Amino acid sequence: MVSSLRTIFWDKEARNYLKEAISYIRKDSPQNADLVKERILSSIRQLCENPYRHPADKFRRNNDGSYRAYEITRFRIAYHVSQEAIYILRIRHVSMEPKDY
């Protein structure tokens, strides 16, 4: 049986926030910036294999279960799972006030 892997698409704001966060970390420690970036990107790539591995996003209003979120290296990644794709919607540092959406 062949499983179809979903394609990952990034929201522009999520991509920009990650770039800014890594640049900020890089000012103090280039090594840690690379490590954090790789951990986050690796965890996102793993979503293709099992997009439902993380719990439903508790900050999403009227969530039908297709909006998911998880934390890694003090960042919260929110994403949406559809039949064809996974959409990375938001990346925020956990110290920031959470947003309902």
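This report covers the sheet, the helices on it and the aromatic pairs of a predicted model.

Residues are numbered from 1 along each chain as its sequence is written. In this predicted model, local features need pLDDT of at least 70, side-chain atom pairs count only at pLDDT 80 or more, and totals for chains, interfaces and linings use all residues, while side-chain values use heavy atoms, without hydrogens or water.

**Confidence**

pLDDT is the predictor's confidence in each residue, from 0 to 100. The protein chain averages 93, and 92% of the residues score at least 70.

Helices (H or I, at least four residues) and strands (E, at least two) are DSSP runs, numbered from the N terminus. Two strands pair if DSSP finds at least two bridges between them. Here 4 strands form an open sheet in the order 1-4-3-2, with mixed pairing. Strand 1 and strand 2 stand at the edges with a single partner strand each, so one side of each has no neighbour in the sheet.

Strand 1 and strand 4 run parallel, joined by 4 bridges. Strand 3 (residues 75-81) pairs with strand 4 in the antiparallel sense over 7 bridges. A hairpin of 3 residues links strand 3 to strand 4. Three residues have these partners in strand 4:

| Residue | Partner in strand 4 |
|---|---|
| Phe9 | Tyr87 |
| Val81 | Ile86 |

**The helices**

Contact means heavy atoms within 4.5 Å. Axes are lines fitted to C-alpha atoms, for helices over the stretch in contact, and angles run from 0 to 180 degrees between N-to-C directions. Helix 1 (residues 12-28) lies across strand 1, strand 3 and strand 4, at about 40° to strand 4. Helix 2 (residues 30-45) packs on the sheet and touches strand 1, strand 2, strand 3 and strand 4. The direction of helix 2 makes about 150° with that of strand 2.

**Aromatic pairs**

Rings of Phe, Tyr and Trp (its six-membered ring) pair if their centres lie within 6.5 Å; planes under 30 degrees apart count as stacked, over 60 as edge-to-face and the rest as tilted. The structure holds 2 such pairs. The rings of Phe9 and Tyr87 are stacked, because their centres are 5.6 Å apart and their planes at 20°. Phe9 lies in strand 1 (residues 7-10) and Tyr87 in strand 4 (residues 85-93), so this pair ties together parts 78 residues apart in sequence.

Tyr70 and Tyr79 form an edge-to-face pair, because their ring centres are 6.1 Å apart and their planes at 70°. Buried means under 20% relative accessible area, exposed over 50%, partly exposed in between (1.4 Å probe, protein chains only). Both Tyr70 and Tyr79 are buried. Phe9 is partly exposed at 42%, and Tyr87 is partly exposed at 31%.
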